[in-house]
Amino acid sequence: MEEEIVGIDDINLSGEDDWPSDTFRQEVVRRLEPELTKTRLNQPNLPVPTDPNKVEVYVFEKATTKEQYVASMKKVFISLSYQNRQGSVEGEKEEVPKKDETDFPSNSFRKEIVHKLETEYAKSGVAQTLTPQQSEQQAFDAADGKDDYLAKVDERIKLLGQQPSPKPHIAMREKPIPGVEPTVTISVVEHRCSVKNAWRRVVRFFSFCVRSSASEQDQEDEKKNEKESDKKE
């Protein structure tokens, strides 16, 4: 059933009240005003006139007969009725729900997952071939939806927990070296190295002394031999 269009066809005024009297025209303005108001509300983006008197005057000045005036005003009411129906249909359309910017697959959601992976990486203390960002990207690319994505991330976290923890570094005990000031301490390894180096220096020193003594003895023997040969001569 078509919507009844408000018009002026049913205005029955006779005598002095008939067109183009002010009484007739004011009745047209009275009917036109609510239609303009309704159109402005339904179609706020359209340049709908606010003053019905100006619309009526525009139509009145263009018309030369009552028939022309009535036909032109009918077009105005039909146009307003059409715009009102369009605005009502658009208003009834369901609004598309906005995406939650903090839910999957938004960047904010993924950044939280990367932060979670970084924390787990730090806890494991084991060097990984992939960075937390690369690991998250792999899970995202391979995932088929949010649930699958979270499941793949959990798998990566479980693998981190199953990796053996690195052995703690055990520092060697430091012992004081006999003959060294009590306030000075060095490690056992350094102590052993220093003892070896000391023995090497001792051995080199004695070797030098032996060679020096041998050379001095040889010189004395030569001198004795020279003296004995002189005496014989």
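Predicted model: local features only at pLDDT ≥ 70, side-chain atom pairs only at ≥ 80, totals over all residues.
**Notebook: salt bridges**

Entry on Asp-18 and Lys-66. I checked this pair and found that the two side chains meet in a salt bridge, with N to O at 3.0 Å. Asp-18 sits in the segment before α1 (22–42) while Lys-66 belongs to helix α3 (residues 66–92), so the bridge ties together parts that are 48 residues apart in sequence. I also looked up the accessibility of Lys-66, which at 27% relative accessibility counts as partly exposed.

Entry on helix α1. I found Arg-30 in a salt bridge with Glu-27, and their closest N and O atoms are 2.5 Å apart. Because Arg-30 and Glu-27 are three residues apart in helix α1, about one helical turn separates them.

Entry on Asp-103 and Lys-146. I looked at this pair next and noted a salt bridge between the two side chains, at 2.8 Å from N to O. The pair links distant parts of the chain, since Asp-103 is in the loop between α3 and α4 (107–124) and Lys-146 is in helix α6 (residues 146–162), 43 residues apart. For accessibility I wrote down 25% for Asp-103, which counts as partly exposed, and 31% for Lys-146, which likewise counts as partly exposed.

Key: Residues numbered from 1 in each chain as written. Heavy atoms only, no water. Salt bridge = Lys/Arg side-chain N within 4 Å of Asp/Glu carboxyl O. Helix = DSSP H or I, 4+ residues; strand = E, 2+ residues; numbered from the N terminus. Buried < 20%, exposed > 50% of the residue type's maximum accessible area, 1.4 Å probe, protein only.
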